[in-house]
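Take a look at the model below, which is predicted.

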Amino acid sequence: MVFTVLWVVILGAIIVFYTKFCKRIPILMYHRIATVPGERNSLPPEKFKEQLDYLQQHGYNPITLIDLYKHYSHQVPLPPKPVILTFDDGYEDNYLTALPLLRERNMRATVFPIANWVGKENKWENFNHQLTRTMNWNQLKAWRAAGMEIGSHTLEHPFLTQCDETRLDKEFRDSKAILQENLGSTIEFLCYPYGFFDDKTIHAARKNGYKGALAIYDNAPLWRQDLFALPRIPIPSKQPLWEFALKVSRFHIVFILLRKLERSGKRLFCKF
Ligand SMILES: [Zn+2]
């Protein structure tokens, strides 16, 4: 009993300390905004709308990655309750469905197209996904003209930790060049496919002129934040609103701790 109380007090103290001093900005990860049964990464439009309404009603301000960079690097102030909305792969439904919902609410977001897969079917991976199209160049230009941000999701969407230095350079350098040439604006951020990265990946991203990169962690760091391995928060298709509220809140640490506990539990369970 004494131990339980002690643990609750310690955990409470950590949460209070963390929420007061760690100014982590939630970076949400979306893929498709569409109703696709059985696909964890496709969020139905009505759920996306519900989440945007929640953000608006609770005073959250979606910012872009360049805002985040300026804040971390040059101490440029941010609006209250900042949050970042990101879309991987650049699906056409981001333009057709998500963009109007974002514009209605005057919200900003970042999309990461795969440079060699712009305006094509999503055949870069064979995971039995339902086929769909990605945004074409005109749609990407309209996305940017609406005040949204665009970053690179590499040339071909490879597993970066399996690439040698030459391939990493090619993926990062050429995707940046193709996107810049077709869109007429600077590409400053990178999103690692599948979220996978290591020291070599970070080095190559820096070397090829990016200002930062987005990752996915199995075990998200609670405190340290590297601009070239920014942790993201996945928003799955069945995301309940209460959990979404927790994910964007100052009490996000509870979510990270729950994930760490869940993963440790699974590892322990797998041993038996
Ligand atoms: Zn991807």
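The largest pocket has a volume of about 940 Å³. How do we find such a space? Rolling a probe the size of a water molecule over the atoms shows where empty space is left.

The lining of the largest pocket is made of 42 residues. Closest to the centre are Met-29, Arg-40, Asn-41, Ile-216 and Pro-234. Find these five in the model and you have found the middle of the pocket.

Which elements give two or more residues to the lining? They are the strands β1 (27-30) and β5 (82-89), together with the helices α8 (241-248) and α9 (252-271). Helix α9 gives the most, with 6 residues.

Next come the helices. Two packed helices are described by the angle between their axes and the distance between the axes. Keep both numbers in mind for each pair.

Start with α2 (residues 45-57) and α4 (residues 92-104). Their axes lie 11 Å apart, and the packing angle is about 20 degrees. Angles under 35 degrees count as roughly parallel, so α2 is roughly parallel to α4. The crossing of this pair is right-handed. Who touches whom? From α2 come Pro-45, Phe-48, Lys-49 and Leu-52, and they meet Thr-97, Ala-98, Leu-101 and Leu-102 of α4. Sorted by class, this contact has 6 nonpolar residues, 1 polar and 1 charged.

Helix α2 has another partner, α8. The axes of α2 and α8 come within 11 Å and cross at roughly 45 degrees. That angle makes α2 oblique to α8. Here too the crossing is right-handed. On the α2 side, the contact uses Glu-50, Gln-51, Tyr-54 and Leu-55. On the α8 side, it uses Leu-241, Phe-244, Ala-245 and Val-248. The residues of this contact divide into 6 nonpolar, 1 polar and 1 charged.

Last, move to α6 (residues 165-183) and α7 (residues 199-207). These helices pack at about 45 degrees, with their axes 9 Å apart. Are they parallel or oblique to each other? At this angle, α6 and α7 are therefore oblique. The crossing of α6 and α7 is right-handed. In α6, the residues in contact are Glu-165, Leu-168, Asp-169 and Phe-172. In α7, they are Lys-200, Thr-201, Ala-204, Ala-205 and Lys-207. By class, the contact of α6 with α7 has 4 nonpolar residues, 1 polar and 4 charged.

Key. Residues are numbered from 1 along each chain as its sequence is written. This is a predicted model: local features need pLDDT of at least 70, side-chain atom pairs count only at pLDDT 80 or more; totals for chains, interfaces and linings use all residues. Side-chain values use heavy atoms; hydrogens and water are left out. Axes are lines fitted to C-alpha atoms, for helices over the stretch in contact, and angles run from 0 to 180 degrees between N-to-C directions. Helices (H or I, at least four residues) and strands (E, at least two) are DSSP runs, numbered from the N terminus. Angles under 35 degrees count as roughly parallel, over 145 as roughly antiparallel, 65 to 115 as roughly perpendicular and the rest as oblique. A crossing is left-handed if the near helix is turned anticlockwise from the far one by less than a right angle, and right-handed if clockwise. Contact means heavy atoms within 4.5 Å. Ala, Val, Leu, Ile, Met, Phe, Trp, Tyr, Cys and Pro count as nonpolar, Asp, Glu, Lys and Arg as charged, and the others, Gly among them, as polar. On a 1 Å grid over the protein atoms alone, a cavity is a set of points where a 1.4 Å probe fits but cannot get out, and a pocket is an open set with protein on both sides within 12 Å along at least five of seven lines; lining residues have an atom within 4 Å of a point. Grid points are joined across faces, edges and corners, and a volume is the space filled by probe spheres set on the points.
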